[in-house]
Amino acid sequence: MNLHEYQSKGLFGQFNIPVPKGKVATSDQEVYDIARELGGAVVVKAQVLTGGRGKAGGVKVAKTPDDARAVADKILGMQIKDLVVHKVLVDPAADIKKEIYLGIVNDRVARKPLIMASAEGGMDIEEVNRVSPEKIIREHIDPFLGLRDYQARNLASGTQLPREHWKQFTEIAQNLFKCFQRYDATLAEINPLAIVSTSGGVSLMALDGKISIDDSALFKMPEIAEMRDLQAEPAEETRAREAGLTYIKLDGDIGCMVNGAGLAMTTMDITKDIAAKLGFEGSGPANFLDIGGGARADKVAAAMRIILSEPKVKAILFNIFGGITRCDEVARGILQALGEVQTSVPMVVRLAGTNAKEGLEIIDNAKVPSIMSAATLTEAAEKAVRAARGQ
Ligand code: GDP
Ligand code: MN
């Protein structure tokens, strides 16, 4: 589960990481009131669960309460990467001298948390990693020892942070790790961690925050689970979670329904690869969808409704490896969903493993003109990619 910036900064504050004293608003009048109360210039920030808000026009500085109202009127209701802005954070504007990046993720290969810092703050860190990975300073954290002082100093010196900020930087980095650990985060990120000038002097402050929490840990933290903002996530993802499916929306045209995360990844890769080989620009998987092990017909039907609710989907590829999941159950689910949802979207079904033969018989006997079967994944992916382009 991803937390909003204001929620993440709220948790940072509890761990003594300095954050601006901002407030959340849902209307331009509220923004005006908050700006008046804060006094001085403010920054109005779209609260959507995606990065790059600044570039998209979702972060704007306003000098007066009237300006803040006008800016909020533009930001509230705007769309950033398909997500509608329902809330804004109003922070006192900071006087920024320098921006750095600081973030913690789990490094699965090293089996340890990894903390990263970069002098290229405020920017898209994935881009920094692609273009100049050497500009990211990395330290693995021993989960039992926590982040050691010398490691924090390595990060500070590696990012050319002026020495006067090293002590505060060390505290912030160590507290960020405590926060990461306490809430079973998979990501805790401050971008930018800024050197700001205030009446009290020059110091570090977290101007942006992003925390992702491991969904499997939410049961033990009801106060965090409660922070889930249903309005802010794609409706399909909410419905999928309620149906017990793992679903992530992507931007291709081929709906994929697969059982097992590894098989789903493979299916997506092959689909993308074949689309590229055939020269079909923009074609590829429209989603990641894992229906899980042992999925029954009603779950398959729920998954199909979710896939079909996306108008970009021009074909559906079913790739099912029957183990505990029985292919005949899946076949029945497909037909059940077809009975409920009217669609002419072509479908390619590849079934292997438990009851595959029975499953294919069920599909063949139903004689639905829009369904094709395939014997291998490569064949299935090629059929799906072509079908999406009307071939
Ligand atoms: P993101 O684009 O979604 O990562 O949103 P951020 O919160 O990181 O804001 C993007 C950029 O806006 C930052 O890198 C800063 O350069 C700028 N920004 C954010 N807050 C302030 C502020 O209080 N004052 C000023 N002057 N700029 C800010
Ligand atoms: Mn940012």
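**Contacts of F12**

Leaving aside neighbours within four places in sequence, with which residues is F12 in contact? In this predicted model, the partners of F12 are I17, V19, L176, C179, E189, I190, A206, D208, G209, K210 and I211.

**Nonpolar cores**

F12 belongs to the largest nonpolar core, which has 41 residues. Together with L102 and F169, F12 touches the most other members of this core. Two or more residues come from each of the helices α1 (5–14), α5 (149–158) and α6 (166–182), and from each of the strands β7 (96–107), β8 (112–118), β10 (185–198), β11 (201–206) and β12 (210–213). The greatest contribution is that of α6, with eight residues.

A separate core contains 33 residues, including L245, M304, A337 and A356.

**Cysteines**

A search of the whole structure finds zero disulfides. For C256, the nearest cysteine sulfur belongs to C327 and is 17 Å away; C256 is in no disulfide. C256 has a relative accessible area of 2% and is therefore buried. C179, one of the contacts of F12, also counts as buried, because its relative accessibility is 1%.

**Surroundings of ligand 1**

Ligand 1 is surrounded by 14 residues, of which K45, R53, G54, A94 and E99 are the closest. Oxygen atoms of the ligand take part in several polar approaches: a polar side-chain atom of K45 lies at 2.6 Å, a polar side-chain atom of R53 at 2.7 Å, and a polar backbone atom of G54 at 2.8 Å.

On its own, ligand 1 has 560 Å² of accessible area, and the protein covers 79% of this. The elements giving two or more residues to the shell around the ligand are β2 (42–46), β7 and β10.

Note on methods
Residues are numbered from 1 along each chain as its sequence is written. Chains are lettered from A and ligands numbered from 1 in the order in which they are written. This is a predicted model: local features need pLDDT of at least 70, side-chain atom pairs count only at pLDDT 80 or more; totals for chains, interfaces and linings use all residues. Side-chain values use heavy atoms; hydrogens and water are left out. A nonpolar core is a set of buried Ala, Val, Leu, Ile, Met, Phe, Trp, Tyr and Cys residues joined through side-chain atoms within 4.5 Å. Buried means under 20% relative accessible area, exposed over 50%, partly exposed in between (1.4 Å probe, protein chains only). Helices (H or I, at least four residues) and strands (E, at least two) are DSSP runs, numbered from the N terminus. Contact means heavy atoms within 4.5 Å. A disulfide is a pair of cysteine sulfur atoms within 2.5 Å. A residue is near a molecule or strand if one of its heavy atoms lies within 4 Å of it. A polar contact is a pair of N or O atoms within 3.5 Å; within protein, one must be able to donate a hydrogen and the other to accept it, and residues adjacent in sequence count only if both atoms are side-chain atoms. Accessible areas come from the Shrake-Rupley method with a 1.4 Å probe; for residues, only the protein chains shown count as cover.
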